[in-house]
Amino acid sequence: MPIFSEQNGLAIGGYDVVAFFDEQHAMRGNSAHALMWKGVVWHFATAGNQARFEANPRAYAPVFGGYCAYAMARGYLAAGNPELWVIEDGELFLLNNSAAHGLWQQDATALNEIARENWPSVLRK
């Protein structure tokens with residue numbers, strides 16, 4: 001199991017992780033602005049976003065490898081949906097579905113703590 005969730009070889013389905021922080025919405029990247037990091041290809045909407053990621057990828061990469069944060073708190077893997085996300089304390093969390101998104105937002109602090117205890121050992125299950 002790869003440390004970063006990927007779809008068709010692309011981290012978080014080809015969405016630009018920098019855009020979540022800078023634009024406050026999910027934005028697809030494109031292959032003109034791409035790089036390989038941690039075994040997956042990351043796409044960016046602009047060369048500037050790619051440069052910001054290259055300078056400090058850990059500042060932008062989603063927590064728990066882009067897998068669903070709620071599922072991680074429950075001890076299993078589910079793909080993160082780049083359309084369902086939260087930024088908390090400067091970190092990007094992806095959720096799998098609207099129910100998980102709502103539950104995460106209701107008790108993010110406790111769920112985050114549990115999810116961090118499960119990560120990354122859940123990858124070996």
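Predicted model: local features only at pLDDT ≥ 70, side-chain atom pairs only at ≥ 80, totals over all residues.

Reader: Why is Asn96 called partly exposed?

Author: Its relative accessible area is 30%. Buried means under 20%, and exposed means over 50%. The value for Asn96 falls in between, so Asn96 is partly exposed.

Reader: Which residues is Asn96 in contact with, leaving aside its neighbours within four places in sequence?

Author: They are Cys68, Ala78, Ala79, Asn81 and Leu84. Contact here means heavy atoms within 4.5 Å. Tyr70 is 26 residues from Asn96 in sequence, and the two C-alpha atoms are 7.8 Å apart.

Reader: What makes the link between the side chains of Asn96 and Asn97 a polar contact?

Author: The distance is 3.1 Å. The cut-off is 3.5 Å between N or O atoms, and residues adjacent in sequence count only if both atoms are side-chain atoms. The pair joins side chains at 3.1 Å, so the term applies. The side chain of Asn96 also has a polar atom 2.7 Å from the backbone oxygen of Ala79.

Reader: Which residues have the most contacts inside the largest nonpolar core?

Author: Phe64, Cys68, Tyr70, Leu95 and Trp104 do, in a core of 21 residues. Two or more residues come from each of α4 (69-73), β5 (81-88), β6, α5 and α6 (108-118). The largest share, five residues, comes from α4.

Reader: What does Trp104 touch, not counting residues up to four places away in sequence?

Author: Trp104 touches Phe64, Ala69, Tyr70, Val86, Glu88, Phe93, Leu95, Leu111 and Asn112. There is also a second, separate core of 19 residues, which includes Ala11, Phe20, Leu35 and Val40.

Reader: How many residues line the largest pocket, and which lie nearest its centre?

Author: The lining has 17 residues, and Phe4, Trp37, Arg58, Ala61 and Pro62 lie nearest the centre. The volume is about 260 Å³. Both α3 (57-60) and β6 give two or more residues to the lining. The largest share, three residues, comes from α3.

Reader: What is the lining of the largest pocket like by class?

Author: It has twelve nonpolar, two polar and three charged residues. Arg counts as charged, so Arg58 is one of the charged residues there.

Technical notes. Residues numbered from 1 in each chain as written. Heavy atoms only, no water. Buried < 20%, exposed > 50% of the residue type's maximum accessible area, 1.4 Å probe, protein only. Polar contact = N/O pair within 3.5 Å; in protein donor to acceptor, adjacent residues only side chain to side chain. 1 Å grid on protein atoms, 1.4 Å probe; cavity = no way out; pocket = protein on both sides within 12 Å on 5 of 7 lines; lining within 4 Å. Points joined across faces, edges and corners; volume = space filled by probe spheres on them. Helix = DSSP H or I, 4+ residues; strand = E, 2+ residues; numbered from the N terminus. Core = buried A, V, L, I, M, F, W, Y, C linked by side-chain atoms within 4.5 Å.
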